[in-house]
Amino acid sequence: MQLDRTRIVIREREFSDVLDLSLQVIRRYAGPLAIALLVGIAPLFALNCYLLSGLVDPHTLDSEGPWPFVWMVLILVVWEIPLATAPATLFLGRALFENQPSVGKVAMDFLKSLPQLIIYQVLFRALLVAPVLPWPWLFTQRAYLNEVILLERNPMFRGRKRGPSTGSRCQALHWGWGGDLFARWLGAIAMGAVMVGLSWSILAKGNEALVSELEWQSLWETRFFHLALWGAIGFFTVVRFLSYLDLRIRREGWEVELILRAEAARLDRDAGLGQSAVRRPGGTP
Amino acid sequence: MDTQDRQLDTRIEVITPENIAFRYRVAGPFRRLPAFLIDVVIQLVAAIIIQLVLFFVFDFVGLLGIGIGLYLIFFFILMWFYGGLFEALWNGQTPGKRIMGIRVLSIDGKAIDAIQATLRNVLRIADFQPVLPVPIGPFIFPVPCCLLGLVTASFNDRFQRLGDLACGTMVVVESRPGLRDVMRIDDREALRLADQIPAYFVPSRTLARALATYVGRRWAFSPGRRQHIASHLAGPLYDRLGLPPNTDPDQLLCAVYYRTFIADRQEEGTAETALPAVGRQSGVWGNTFDVAEPTAMDIFTSVNTGRRV
């Protein structure tokens, strides 16, 4: 592993640059990313379909329109995002430094992070997602909590030797950047809404040409909304990961740290080989 | 370099026939979107103003039919040739692109000609596909999904949509990155430390780059964060430079930087080699080799100070 030769160039980026780079990342890792997303999303997709099966009655949809269903799906999905995208985030974390991340290591990382994921991102998050009003706080002041839990793996409670807890680390990472993160969140919502709307429409229109019965059409359109929503979330998982890196670069100079650590490793290695990275004039580099 | 080994970035390198390499930041679909939206707004405002003027004038002289005809011709030209006209006249820029600081270039780095400018804009209609009919009230509006353009742009490193591929063009971000000057070191302790560094000391190229990157960015970090980052490199340097291990890491790196880029050059009276561009990544970092020590997860946990920066 060479710290200053990451698979994705580490540097400060604007949000539009992050979005564009996400397309390249998705292209490079299309297969593994799709599998990681599928592993995370498929069980929750099935769970949502089961939980909301009562709302998908064609007669209900015809009388009340799709909006109660859409709203319920949205609340459920916002709650489920961290868990559903955890495998993909772990994969991206390893893919940044490794040529071919192993499935076993990603699975082990997931299991190690699972207790904190359940406490922070399932139980605690449910309390914040259900009333809707705390969403802006959740998506700005805890925007990268998932990355902190999965990639940094701080302890649950602060200790003298163990370093800061996940909570304090997360607070330190986001502190003072609320405005910037809020603007990015609004941009992501706008972009996401357009993506979901267009892909839902494309899927529904395509289906309209194939399935003529109205009841089936209504039923399928609700499934298509699920698919469109999860598709957009898959894209924004990559965006969120790259934005997390960007925040660490801007805030903590992570790219500088990587370069210095790589250089330190070179010096150590040279010392082990009896060479010197500090050249003497006329000597070999 | 193998495609899989290439670092992912929105920067590309264009090598001219003269074997000169230029680096460009290519503008992807999301960077181009605001420029496009600005151009759409300008087109709509222009269409409305011209419509009002033509209708008012020709209605006044009793020739409203001619006014409508002229307006339709103007509208056709505006919708189909606005982009091509501006890009041909303004060296690859429309008003939207100029505001957003992006420009269309040929893939070999040259300015585009009128044919390229016109064709890439006419072919935009293909990139808009599929277009969905969206009913809003009594009207049905065609809404372009731009799926074809987005997918096409995602499949190449230059983010070329179909129009760009057909014309051999790409959109780049205009930036004027300059080499920064050598950073000033005013810390007296660092200057004193610099005097203690052995006279034979000449850092390797990679070490010099690392020092330049650190000193160029350290002003943005808190004192605690500086100590944390600098300690990674300071550790191996203590032994080599014969300095006590309780030396301040930040001051040590500043001292080494001062010796490397300022003191030695003042003594020599000339700069023998080009200074590394602080804050820029060249993509080439000299002789490098694999380091097997830290794992990926260790790297993410490297910031565990919990300090507010």
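Modeller: Here is a walk along one stretch of chain B, from its opening hairpin through its helices and sheet.

Before we start, a word on the ground rules. Residues are numbered from 1 along each chain as its sequence is written, while chains are lettered from A and ligands numbered from 1 in the order in which they are written. This is a predicted model, where local features need pLDDT of at least 70, side-chain atom pairs count only at pLDDT 80 or more, and totals for chains, interfaces and linings use all residues.

Helices (H or I, at least four residues) and strands (E, at least two) are DSSP runs, numbered from the N terminus. Two strands pair if DSSP finds at least two bridges between them. In chain B, strand 1 (residues 11-15) and strand 2 (residues 21-26) pair in the antiparallel sense over 5 bridges. Across that pairing, Ile12(B) stands opposite Tyr24(B) of strand 2. The hairpin has 5 residues between the strands, and Asn19(B) is found in this loop. Look at its backbone: phi of Asn19(B) is near 65°, a positive value in a residue other than glycine. Asn19(B) counts as exposed because it has 6 C-beta neighbours inside 10 Å.

Chain B has an open sheet of 4 strands in the order 1-2-6-3, with antiparallel pairing. Strand 1 and strand 3 are its edge strands, since each pairs on one side only. Neighbouring strands of this sheet are turned by 50° against each other on average, direction ignored. At the other end of the order, strand 3 and strand 6 of chain B pair in the antiparallel sense over 5 bridges, and Ile102(B) stands opposite Val173(B) in strand 6.

Next comes helix 1 of chain B, residues 29-60. After helix 1 of chain B comes Gly62(B), whose phi is positive, near 75°.

Helix 2 of chain B, residues 64-89, has two helix partners to look at. Axes are lines fitted to C-alpha atoms, for helices over the stretch in contact, and angles run from 0 to 180 degrees between N-to-C directions. Angles under 35 degrees count as roughly parallel, over 145 as roughly antiparallel, 65 to 115 as roughly perpendicular and the rest as oblique. The axes of helix 1 and helix 2 of chain B come within 9 Å and cross at roughly 165°, so these helices are roughly antiparallel to each other. Two residues are in contact if their C-beta atoms, placed from the backbone, lie within 7 Å. The contact includes Ala46(B), Ile50(B) and Leu54(B) of helix 1 and Leu70(B), Phe74(B) and Leu78(B) of helix 2.

The other partner is helix 4 (residues 114-122) of chain B, where the axes come within 8 Å and cross at roughly 150°. Helix 2 and helix 4 of chain B are therefore roughly antiparallel as well. Here the contact includes Trp80(B), Gly84(B) and Ala88(B) of helix 2 and Ala114(B), Ala117(B) and Asn121(B) of helix 4.

Asn91(B), in the loop between helix 2 and helix 3 of chain B, has a positive phi of about 55° although it is not a glycine. With 14 C-beta neighbours inside 10 Å, Asn91(B) counts as partly exposed. Further along, the peptide bond from Gln129(B) to Pro130(B) is cis, with omega near -10°. Pro130(B) has its place in the loop between helix 5 (124-127) and strand 4 (131-136) of chain B.

Key. A residue is buried if 20 or more other C-beta atoms lie within 10 Å of its own, exposed if 12 or fewer, and partly exposed in between; C-beta atoms are placed from the backbone.
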